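These are my notebook entries on a structure that is new to me. I record what I looked up, entry by entry.

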Amino acid sequence: MERQNSETRQGQIKQAVLDIIYTDGLKNLSTRNLAKRIGMSEGAIFRHFATKQDIILSIINDVQTDFIGQLRKIATSSLEPEERLQKFICTTVQYLTDNKGITMLLFSEASHNNDEQLKSTLRQIFNNQKSLVSKIFLDGIAEGTWDEEIPVENLAMLYMGIPVSLNIELILNRGESQNDNFCKKMLSLMLKLLKR
């Protein structure tokens, strides 16, 4: 059996954390369950991460780099605002579907442990999403495509409800979601609100 490098193992550990949270709940996230899920000893986990908290912080850093990075590219691209909004919403849906458990982890861990560092990072992720989607709305308004009377802050908060709605759908449908359909529904709702 080929020995895997630390980066590969870290990725497996982080994915297993999300899988356990999603399928078994946060209460079942233990190093024993984690080790069993990925087929390594508990001690081996700690060769790749010093603490459980380090695993969670690494996942959060991935969210900032991968997810927020993708959203930033979309929001600042030269595409028309409606196309950017469609890509922005669909990227959100796809990322959260591919990383089931991420929303539960972020909110649960920060609030359960009252961890100020996690809360601060979560606030930063939240504010980045709001400001990036607001940029798209403001660009469409500036171009005269969308209604300038629309309260952009309120619409940005509506976008922030997408992860909650998606998580509910995923839980009720045992992890299955019609991503394209969900994305289209959310986009249609946003466009109706933005219409002049």
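What is the mean pLDDT of the chain, and what share of its residues reach 70 or more? I found a mean pLDDT of 86, with 91% of the residues at 70 or more; pLDDT is the predictor's confidence in each residue, from 0 to 100.

Entry 1: ground rules.
I am reading a predicted model, in which local features need pLDDT of at least 70 and side-chain atom pairs count only at pLDDT 80 or more, while totals for chains, interfaces and linings use all residues. Residues are numbered from 1 along each chain as its sequence is written, and side-chain values use heavy atoms, with hydrogens and water left out.

Entry 2: the chain as a whole.
I looked up the secondary structure and found ten helices and zero strands. Helices (H or I, at least four residues) and strands (E, at least two) are DSSP runs, numbered from the N terminus. The C-alpha atoms fill a box of roughly 60 × 35 × 30 Å along the principal axes. Of the 196 residues, 45% count as buried; buried means under 20% relative accessible area, exposed over 50%, and partly exposed in between, with a 1.4 Å probe and protein chains only. I also checked contacts (heavy atoms within 4.5 Å). Among the contacts with a separation of 6 or more, 68% join residues 24 or more positions apart.

Entry 3: confidence by element.
Which element has the lowest mean pLDDT, and which the highest? Helix H6 (residues 102-112) has the lowest, at 67, and helix H5 (residues 81-98) the highest, at 93. I keep in mind that where pLDDT is low, the predicted coordinates should not be read in detail.

Entry 4: H4 against H5.
Two packed helices are described by the angle between their axes and the distance between the axes. Axes here are lines fitted to C-alpha atoms, for helices over the stretch in contact, and angles run from 0 to 180 degrees between N-to-C directions. Helix H4 (residues 52-75) and H5 pack at about 160 degrees, with their axes 8 Å apart. The two helices are therefore roughly antiparallel; angles under 35 degrees count as roughly parallel, over 145 as roughly antiparallel, 65 to 115 as roughly perpendicular and the rest as oblique. The crossing of H4 and H5 is right-handed. A crossing is right-handed if the near helix is turned clockwise from the far one by less than a right angle, and left-handed if anticlockwise. Residues of H4 including Asp 62, Phe 67 and Leu 71 meet residues of H5, among them Arg 84, Phe 88 and Tyr 95. By class, I noted seven nonpolar, three polar and four charged residues in this contact. Ala, Val, Leu, Ile, Met, Phe, Trp, Tyr, Cys and Pro count as nonpolar, Asp, Glu, Lys and Arg as charged, and the others, Gly among them, as polar.

Entry 5: H5 against H9.
I then followed H5 to helix H9 (residues 162-172), where the axes come within 10 Å and cross at roughly 45 degrees. That angle makes H5 oblique to H9. H5 passes H9 in a right-handed crossing. Ile 89, Thr 92, Val 93, Leu 96 and Thr 97 in H5 meet Ile 162, Pro 163, Leu 166 and Leu 170 in H9.

Entry 6: H7 against H8.
How do H7 and H8 cross, and at what angle? The axes of helix H7 (residues 116-142) and helix H8 (residues 152-160) come within 9 Å and cross at roughly 125 degrees. H7 is thus oblique to H8, and the crossing is right-handed.

Entry 7: Gln 129.
Is Gln 129 buried or exposed? I found Gln 129, which lies in H7, to be buried, with a relative accessible area of 7%. Leaving aside residues up to four places away in sequence, Gln 129 touches Phe 67, Ile 68, Leu 71, Phe 88, Tyr 159 and Met 160.

Leu 155 lies in H8 and is buried at 4% relative accessible area. Leu 155 and Phe 137 are 18 residues apart in sequence and 8.5 Å apart in space, C-alpha to C-alpha. Beyond four places in sequence, Leu 155 touches Phe 137, Ile 150, Met 190, Leu 193 and Leu 194. Ile 150 lies in the loop between H7 and H8 and counts as buried at 16% relative accessibility. With the same exclusion of residues up to four places away, Ile 150 touches Ile 141, Leu 155, Leu 193 and Leu 194.
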